[in-house]
Amino acid sequence: MLKEGPDHEVLMEAFLSLGHLDHITVVMAMHPAYLNCFLRTQHALLELDGPLPRPWRHYIVIMAAARHQCSYLVQQHSAGFLEAGGEESWLGGLENTSAKLRSLQKLNRLLAHRPWLITQQHIQELVCPGAESRWSLAELIHAVILMAHAHSLSSFVWGCGLNPEPDHTGGYTFQPPSPNHLLRGPHSPAHEDGRQELVDGGMEVEVLMKRMVELQQQQEEECTQEEMVTRFERQRSESIPTAVVRGAPPDLVLRLVEDPEFSYEDFAPRGEQAPPTMRAQDYSWEDHGFSLVNRLLPDMGQLLDEKFQIVSGLTYHRMAMHEGVDTHTLRKALWNYIHCLYGIRYDDYDYGGVNVLLERSLKVFVKTVACHPEQTTARIYHAFWRHFRHSEKVHANLIVMEARLQAALLYTLRAITHYMR
């Protein structure tokens, strides 16, 4: 039985609303304030009145989740698609869907793997009056948010190692859903041979806490803008290996993917000319994206903004075995590092702090989950924050998910803004 408390209340509300508790909900319930906002946002995207038909909403999520081989979400939303009245033949392959939905595939690929390449030309191809299977701007913004939501949620599913639901392929009713045991499902980081040795990470925690205090004290020191840019470029071009060979994705996923070889590439590969960095001061969620979303899809901007605010401010003032800890600098370093991987720079942030607070094993985990989550393994999950609670690693996954979501949305919203001018 669940203990009485905020997690119990939000789970009860979710059960009464959905009629069941899926594994995503149960794991997110470690952070009730976030879960409550997540469920309201997802419900609005999938169920409330909007420009897209309900079956299409689920199918767009299916197409997006398939880009990351996330069979968990593909199976979950395949069921939702059929329940909403979708045609079963569509699940047999993209060629069976409408031409209008197929026209999203290029944008889906870029949004999932290289959103910085999205331009107003991609928007114009979909919405201009002469376009075949034309999308309205309201329809397109709804589809974009659904795709970005599915891409980032795939990161969470892989990063937390969620097992299939009981009615999914490979699902069993006796499997707990949470990362507490890192069970061996197809999305589990523990889906590999060998047992991790128990490592005492107590010293690791002490060192991190000391660095956080020192960094807070150093923030008062002046740093030139040139040095700030240099430190950003150093982070952006840092080589963090992540490639892992996995088996071929199941047919139920592969038949829903166009150009499966297209995948993430570093924003700034060594020795190559990088695309222009997006300066947060030039196009930000707060000053630009929020109002555009609210204008084209009423209330959705508010829901997304609340979700971003909650995850950025979420803290329990503890770290591993320590209480009364201010974790703001660590959370901010995580968020800004993910945006750095996506080529977004904050002029007022000193990226030297990223190297101080995020040791290499944490960077490997974050980059893998944010950029190609299907390559997540038990080794990289166990390698970072070895003395931290699983709820704290779930918290890190929430930050990765939301930072990735916002980064992808910013590039697409900027392209829509340019098209509308």
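**View A. Helices α4 and α9 are oblique to each other in this predicted model.** Helix α4 (residues 54-66) and helix α9 (residues 137-160) pack at about 45 degrees, and their axes lie 8 Å apart; axes are lines fitted to C-alpha atoms, for helices over the stretch in contact, and angles run from 0 to 180 degrees between N-to-C directions. Helices here are DSSP runs of H or I with at least four residues, strands are runs of E with at least two, and both are numbered from the N terminus. The crossing of α4 and α9 is right-handed, that is, the near helix is turned clockwise from the far one by less than a right angle. R57, I60, V61, A64 and A65 of α4 meet H142, A143, L146, M147, A150, H151 and S154 of α9, where contact means heavy atoms within 4.5 Å. By class, this contact of α4 with α9 has eight nonpolar, three polar and one charged residues, with Ala, Val, Leu, Ile, Met, Phe, Trp, Tyr, Cys and Pro counted as nonpolar, Asp, Glu, Lys and Arg as charged, and the others, Gly among them, as polar. The model is predicted, so local features need pLDDT of at least 70 and side-chain atom pairs count only at pLDDT 80 or more, while totals for chains, interfaces and linings use all residues. Residues are numbered from 1 along each chain as its sequence is written, and side-chain values use heavy atoms, with hydrogens and water left out.

**View B. Helices α8 and α19 are roughly perpendicular to each other.** Helix α8 (residues 120-127) packs against helix α19 (residues 390-420) at an angle of about 70 degrees, with 8 Å between their axes, and the crossing of α8 and α19 is right-handed. On the α8 side, Q120, I123, Q124 and V127 meet T412, A415, I416, H418 and Y419 of α19. The residues of this contact of α8 with α19 comprise five nonpolar, four polar and no charged.

**View C. Helices α13 and α14 are oblique to each other.** Helix α13 (residues 285-296) and helix α14 (residues 300-313) pack at about 140 degrees, with their axes 7 Å apart. From α13, the contact is made by W285, F290, V293 and N294, and from α14 by M300, G301, Q302, L304, D305 and F308. The residues of this contact of α13 with α14 divide into six nonpolar, three polar and one charged.

**View D. Helix α15 is largely enclosed by the rest of the structure, since 12 of its 14 residues are buried.** Buried means under 20% relative accessible area, exposed over 50%, and partly exposed in between (1.4 Å probe, protein chains only). Among the buried residues of α15 are R331, W335, N336, Y337 and H339. At 1.5 Å a residue, the 14 residues of α15 (residues 328-341) should span 20 Å, which agrees with the 20 Å between its end C-alpha atoms; the expected span is 1.5 Å times one less than the number of residues. Just after α15, G343 takes a positive phi of about 80 degrees.

**View E. W116 is placed in the loop between α7 (105-113) and α8.** W116 is buried, with a relative accessible area of 9%. The C-alpha atoms of W116 and T277 are separated by 8.8 Å, although these residues are 161 residues apart along the chain.

Notes
Angles under 35 degrees count as roughly parallel, over 145 as roughly antiparallel, 65 to 115 as roughly perpendicular and the rest as oblique.
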